[in-house]
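Please open the structure in a viewer and keep the selection panel at hand. The stops below are given in the order in which they may be selected.

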Amino acid sequence: MTKVPLLDLSAQNGALEAELTSAFQRVLRSCSYIMGPELESFEKETARLCAVEHGLGVSSGTDAILLALMALGIRPGDEVLVPVFTFFATAGCVARLGAVPVWVDVDAHTFNISLDDAAKKISPRTRAIIPVHLFGQAADMDAVLRFAREFNLFVIEDCAQSLGAKWKGRPVGSFGDFGTYSFFPSKNLGGFGDSGFLGTQDSALAERARILRVHGMSPKYYHAFVGGNFRMDPLQAALLAVKLPHLPSYNSRRAENAAFYARALGAHARVAGNTAAAPDDAVLLLPVDFTGEGIWNQYTLRVRGEGRRDALRAWLLARNIGCDIYYPLPLDQQECFKDTRRGGEPLRIAHQLSREVLSIPVFPDLTEIQRDTVVAAILEWLEA
Ligand SMILES: *Cc1c(COP(=O)(O)O)cnc(C)c1O
């Protein structure tokens, strides 16, 4: 039986093996292993792609968020609005600075931050909002920017899952005070270890982030701020520079896979946002790229009915089909955040999503046979 991993990088990286090897040799022989021209050239290319004036290669997507918060002067006791349905890092960075992540519910169809809910969470201590462009689809940046202006908030766009995605023709990450990106291997531009990127249009903020990236040091051995070591390796930059020109092709092949699923499963499922579409009692709910400019970092189904999601997951795994739950426990329910829980209305949608979501393989090199295998297994399960 055909095995279908959730992510398989062997074809993607194998196709570039000769170029990657020669980039490695170039860096090896340069004997320049910290900062330098390899990094600067990658930063320039990536900044252009992201339509930001200033770009910094950093140690991870997590450190990009941390650096953004530090550069904006977020301090202990400050409150930062964070969607409660996202990867841990978005909120973890806020908490590490002694600030308070304030949980905001999400939209059931886009999976992105709900500004209606955010409005209920504003307090005199609210300083910033972090929209996450989850699974590769932009949050509504018109609404986010309007909201941020109204309440005088900084905006950090978490673009870890959305490099190349746009909002109304403009790349995500180029709207807020900062955009943060990740090259974790499972992201759309997957590196060879950890690394990330920080973008901004503001030269003063860029300069501050640049200094914080090297221990708050400027000039050498003089420290005006307490920073950290948040640098990207030139080796990583050289390897990523080989893959960067292929990103549009990776993203369009993901979109083809998503379109295939929509066609093959559409008659057996409801489609997110389209409540008029039959069948009304469908167990499956398919994701939609509402912006038309998303990049499908994940293809995330909703499986409705008590225990049904876990049943489908077990069914697929038993057939060697990779799938996973992003994310099984909303952040407000995490042990480490138990002191951040507040009374008031429950974060209803996020809690429901954590019981219903299931992401299936959508990586660029998914073969036709593999796609058919995934669809056949899901249809069999629906009929069983
Ligand atoms: C992956 C991810 C991060 C963290 O990126 P790393 O490079 O793994 O540190 C942050 N936010 C979101 C939404 C992510 O998916």
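The tour begins at the ligand and then turns to an aromatic pair and to the backbone.

The model is predicted, so local features need pLDDT of at least 70 and side-chain atom pairs count only at pLDDT 80 or more, while totals for chains, interfaces and linings use all residues. Residues are numbered from 1 along each chain as its sequence is written, and side-chain values use heavy atoms, with hydrogens and water left out.

**The ligand**

Next, display the polar contacts (pairs of N or O atoms within 3.5 Å). At Gly 61, a backbone N or O atom is 2.8 Å from a ligand oxygen. Thr 62 places a polar side-chain atom 2.5 Å from an oxygen of the ligand. For Lys 187, the distance from a side-chain N or O atom to a ligand oxygen is 3.1 Å. On its own the ligand has 380 Å² of accessible area (Shrake-Rupley method, 1.4 Å probe), and the protein covers 93% of this.

**An aromatic pair**

Now select Phe 85 and Phe 111. Their ring centres are 6.3 Å apart and their planes stand at 35°, so the pair is tilted; rings pair if their centres lie within 6.5 Å, and planes under 30 degrees apart count as stacked, over 60 as edge-to-face and the rest as tilted. By this rule there are 14 aromatic pairs. Phe 85 is in the loop between strand E2 (79-83) and H5, and Phe 111, 26 residues apart from it, is in the loop between strand E3 (100-104) and helix H6 (115-120).

**The backbone**

Most residues other than glycine have a negative phi, and most peptide bonds are trans. Go to Phe 135, whose phi is positive, near 60°, in the loop between strand E4 (126-129) and helix H7 (141-151). Then select Ser 218 and Pro 219, joined by a cis peptide bond with omega near -10°. Pro 219 belongs to the loop between helix H8 (203-213) and helix H9 (234-243). Finally, select Tyr 326 and Tyr 327, where the peptide bond is cis with omega about 10°; Tyr 327 lies in the loop between helix H11 (308-318) and helix H12 (348-356).

Terms used. Polar contact = N/O pair within 3.5 Å; in protein donor to acceptor, adjacent residues only side chain to side chain. Phe/Tyr/Trp six-rings, centres within 6.5 Å; stacked < 30°, edge-to-face > 60°. Helix = DSSP H or I, 4+ residues; strand = E, 2+ residues; numbered from the N terminus.
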